[in-house]
Amino acid sequence: LKQRRSLYNLLVTHGSRSGGLYARSFSDHIGSHKSSVGLFMTGESYDGNQGYSMVLKGLEPGFNANAQKRFIVMHSAWYATPFMVEKYGHLGRSWGCPVIDPAYAHAVIDTIKDGSLLFAYYPNAYWLHHSKFLTTGQV
């Protein structure tokens, strides 16, 4: 932020029940297979079933606070690559996790793990008017 530049510009998947080409429906319910909007705090990294991954803690009750109960983590997969878009015209879908290209997973996760803020945005009117971070500006 101090240098006012982006370190990475990557494709990120959305949940399988959030929409087709574009995510349009969001949830914080367990088993929804939808993405969640709002502010998350990044947690520790680990090697899991999906490879190198990072815990995400949702900070907005009603929008993403169940992220840990839902096992919403950042991880990588083959279906989040430019090749996938070239071959099929779209990325694959996750069960609600933000999934990134395996070629960048270690670098991205190591850069933002352990206490960074991750913001998942969509112009959802209800969330825009009820998010404590958007309406009060406090973190």
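The legends below describe an overview and several close-up views of one predicted protein model. Residues are numbered from 1 along each chain as its sequence is written, and side-chain values use heavy atoms, with hydrogens and water left out. Because the model is predicted, local features need pLDDT of at least 70 and side-chain atom pairs count only at pLDDT 80 or more, whereas totals for chains, interfaces and linings use all residues.

**View 1**
Helices (H or I, at least four residues) and strands (E, at least two) are DSSP runs, numbered from the N terminus, and along the sequence they follow the pattern β-β-β-α-β-α-β-α-α. The radius of gyration, taken over C-alpha atoms, is 15 Å, close to the 14 Å that the globule rule gives for 139 residues, so the protein chain is as compact as a globular protein of that length; the rule itself is 2.2 Å times the number of residues to the power 0.38. Along the principal axes, the C-alpha atoms fill a box of roughly 40 × 35 × 30 Å. Of the 139 residues, 40% count as buried, where buried means under 20% relative accessible area, exposed means over 50%, and partly exposed lies in between (1.4 Å probe, protein chains only). Contact means heavy atoms within 4.5 Å, and among the contacts with a separation of 6 or more, 57% come from residues 24 or more positions apart.

**View 2. Asp110 in helix 2, which spans residues 105-112.**
Asp110 is partly exposed, with a relative accessible area of 40%. Leaving aside neighbours within four places in sequence, Asp110 is in contact with Tyr52 and Ala105. With the side chain of Tyr52, the side chain of Asp110 also makes a polar contact at 2.3 Å; a polar contact is a pair of N or O atoms within 3.5 Å, and within protein one must be able to donate a hydrogen and the other to accept it, while residues adjacent in sequence count only if both atoms are side-chain atoms. Glu44 is 66 residues away from Asp110 along the chain, and their C-alpha atoms are separated by 9.3 Å.

**View 3. Gly15 and Thr13 in the segment before strand 1.**
Gly15 is buried, with a relative accessible area of 0%, and Thr13 is buried too, with a value of 5%. Beyond its neighbours within four places in sequence, Gly15 is in contact with His33, Lys34, Ser35, Arg93, Ser94 and Gly96. Pro98 is 83 residues from Gly15 in sequence, while the two are 7.9 Å apart in space, C-alpha to C-alpha. A polar atom of the Thr13 side chain lies 3.4 Å from the backbone oxygen of Cys97.

**View 4. His33 and its backbone angle, phi.**
Although His33 is not a glycine, it has a positive phi of about 60 degrees. His33 is found in the segment before strand 1, and it is buried, with a relative accessible area of 18%.

**View 5. Phe71 in the loop between strand 2 and strand 3.**
The loop that holds Phe71 runs between strand 2 (51-58) and strand 3 (73-76). Phe71 has a positive phi of about 60 degrees although it is not a glycine, and at 65% relative accessibility Phe71 counts as exposed.
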